[in-house]
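This report describes a predicted two-chain model, element by element and then chain by chain. Please read it alongside the sequence and coordinates shown below.

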Amino acid sequence: MFGAVEAGDIFEVIGVSLAAAVVVSTTFSIVVLGGARSTEARRGGHGTAALVWGALAVIAFAVFAVAVVLGVHIMLSKS
Amino acid sequence: MDTDVVLWIVVVTALAFDFTNGFHDTANAVATSISTRAMAPRVAVTIAAALNFVGAFLSLAVAATIASGIVDADVITPQIVFAGLIGAIAWNLATWYFGLPSSSSHALIGGVVGAAFAAEGSKAVYGDGLLEKVVIPALVAPVLAMVAAGLAILIIYRIVGRQHPGVVSRGFRLGQIISGSLFSLSHGTNDAQKTMGIMFLALVANGNLQPSDDIPTWVIVSAATAIALGTYVGGWRIIRTMGSRIIKMDPAQGFAAQGIGAAVILSASHVGFPLSTTHVMSGGIMGAGAAKRFSAVRWGVAGNIVVAWVLTLPAAAVVGGATYGVTRLFGTGPAGPLVVSVALLVALLWALARIVTGKTVPVEA
């Protein structure tokens with residue numbers, strides 16, 4: 001398509017980047033949402049809801065952290 | 001003896017370029033964090049400098065030269081490398097003065113291409129390489145980052161839009177510390193390598209090292225130190241442009257631009273498609289602004305930035321070619337590079353004096 005550059009590489013970059021954008025923004029937004037809702041629920045005396053929202057925030061943060069670790073791994077494995 | 005003098009001039013010039021590279025690109029990592037008050041300015045540049053320093057040690061497996069595949073390696077001489085570095089430094093300083101973010105890599109490629117062209121003519125420059133390493137990435141990077149950051153900000157607003165703004169801002173400010181740090185680390189692993197590669201090439205060309213040798217520790221330490229110092233000093237004019245002149249951003253937009261910028265660069269790195277951090281970050285900021293409200297982006301400022309991107313390669317090439325021509329007036333010895341270095345230092349001191357005494361027009365906020 002572009003001679004020196006494989007079109008497949010460009011489409012792969014576009015696909016992976018957009019997927020990363022969705023994953024990063026979704027997971028970190030859920031961290032913020034879960035944290036906020038958990039705090040609200042705790043103040044309102046709703047212990048179970050606070051726990052559920054808190055757990056959701058922790059899980060989302062874990063997924064976000066995996067994405068960060070994957071990023072560092074890519075940096076270190078450049079050839 | 002003469003060749004040693006030229007070698008050390010090239011090494012010092014390469015470190016000067018490395019300094020301007022860090023100085024010029026600080027904005028990519030810290031502008032959004034400073035603008036949204038995720039971090040105090042001095043803290044932000046200190047963290048960015050430290051992570052650039054660390055990043056320079058993490059990955060040494062980068063290609064020997066950034067211009068590989070773009071110019072004929074057989075024609076490269078220390079004088080061509082010197083002239084290319086001067087072209088890149090001149091462009092970095094000019095764009096810093098006008099507060100315009102532009103790619104240091106493209107400036108370096110432009111400088112070397114111009115010098116090689118001046119030395120050996122068009123046969124020394126590979127058009128396919130330019131297309132592959134400069135033109136296509138320059139077209140893909142900002143558009144992709146803009147779309148990805150726009151998508152991210154729409155998702156973010158959809159998920160947290162009904163929450164208390166204070167809580168949301170605090171959350172995304174914390175996220176920016178992580179995304180900014182990732183960006184700085186990535187920058188250190190990428191950009192310090194360019195200088196190491198150039199110093200290594202000069203040492204090989206001078207017969208001090210063999211191509212199969214490891215990069216000497218002093219080369220790694222000096223390149224890491226130069227880029228970290230440049231980052232710490234900070235190109236505040238460009239930080240101001242990226243942080244507040246393109247859009248007035250909230251922490252969620254800052255996170256989207258920075259986090260998605262890092263994701264785009266690392267995704268591209270993963271599939272071996274090199275993108276400019278400056279192009280990605282600028283595109284991400286525009287995308288995060290436009291997705292909220294199209295008119296939120298100052299398109300005039302964005303247009304100036306795009307013009308700078310288009311001019312980067314030809315302008316650096318012209319300076320690189322002209323510098324090579326001037327150095328050759330003095331023969332192939334160290335006199336030419338010495339004269340150019342002294343002239344550049346005098347010009348820099350003059351410009352610095354004008355800036356310090358306030359005789360220049362500041363970049364408007």
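α9(B) contains 20 residues, and its first and last C-alpha atoms are 28 Å apart, close to the 28 Å expected at 1.5 Å a residue. The expected span of a helix is 1.5 Å times one less than its number of residues. Helices here are DSSP runs of H or I with at least four residues, strands are runs of E with at least two, and both are numbered from the N terminus. α9(B) is mostly covered, with 20 of its 20 residues buried. A residue is buried if 20 or more other C-beta atoms lie within 10 Å of its own, exposed if 12 or fewer, and partly exposed in between, with C-beta atoms placed from the backbone.

This is a predicted model, in which local features need pLDDT of at least 70 and side-chain atom pairs count only at pLDDT 80 or more, while totals for chains, interfaces and linings use all residues. Residues are numbered from 1 along each chain as its sequence is written, and chains are lettered from A and ligands numbered from 1 in the order in which they are written.

| Helix | Residues | End-to-end C-alpha distance | Expected span |
|---|---|---|---|
| α9(B) | 20 residues | 28 Å | 28 Å |
| α10(B) | 16 residues | 23 Å | 22 Å |

Helix α10 of chain B covers residues 277-292. Because 16 of the 16 residues of α10(B) are buried, this helix is largely enclosed by the rest of the structure. The buried residues of α2(B) include B:Ala44, B:Val45, B:Ile47, B:Leu51, B:Asn52 and B:Phe53.

**Chain B as a whole**

Chain B has 12 helices and 0 strands. Its radius of gyration is 20 Å, close to the 21 Å that the globule rule gives for 365 residues, so chain B is as compact as a globular protein of that length. The radius is taken over C-alpha atoms, and the rule is 2.2 Å times the number of residues to the power 0.38. Along the principal axes, the C-alpha atoms of chain B fill a box of roughly 70 × 45 × 35 Å. Of the 365 residues of chain B, 59% count as buried. Two residues are in contact if their C-beta atoms, placed from the backbone, lie within 7 Å. Among the contacts in chain B between residues at least 6 apart in sequence, 88% join residues at least 24 apart.

B:Ser33 lies in helix α1 (residues 2-35) of chain B. This serine counts as buried because it has 30 C-beta neighbours inside 10 Å. Leaving out residues up to four places away in sequence, B:Ser33 touches B:Ala38, B:Met39, B:Ala44, B:Gln176, B:Gly180 and B:Gly254. B:Ser33 and B:Ile285 are 252 residues apart in sequence, and their C-alpha atoms are 12 Å apart in space.

B:Arg37 sits in the loop between α1 and α2 of chain B. Its phi is near 60°, a positive value in a residue other than glycine. B:Arg37 counts as partly exposed because it has 13 C-beta neighbours inside 10 Å.

**Chain A and the interface**

Chain A contains 2 helices and 0 strands. Of its 79 residues, 30% count as buried. Among contacts in chain A between residues at least 6 apart in sequence, 50% join residues at least 24 apart.

The contact between the chains takes 44 residues from chain B and 33 residues from chain A. On the chain B side, α5 (127-160), α6 (165-205) and α9 (251-270) each supply at least two residues. The largest share of that side, 14 residues, comes from α5(B). By class, the side of chain B that touches chain A has 30 nonpolar, 12 polar and 2 charged residues. Here Ala, Val, Leu, Ile, Met, Phe, Trp, Tyr, Cys and Pro count as nonpolar, Asp, Glu, Lys and Arg as charged, and the others, Gly among them, as polar.

A:Leu33 belongs to helix α1 (residues 7-43) of chain A. With 23 C-beta neighbours inside 10 Å, A:Leu33 counts as buried. Leaving aside its neighbours within four places in sequence, A:Leu33 is in contact with B:Ile159, B:Val160 and B:Gln163.

**Confidence**

The mean pLDDT of chain B is 86, and 93% of its residues reach 70 or more. pLDDT is the predictor's confidence in each residue, from 0 to 100. Among the elements of chain B, α6(B) has the lowest mean pLDDT (84) and α11 (residues 299-329) the highest (93). The predictor gives the complex an ipTM of 0.88 and a pTM of 0.86.
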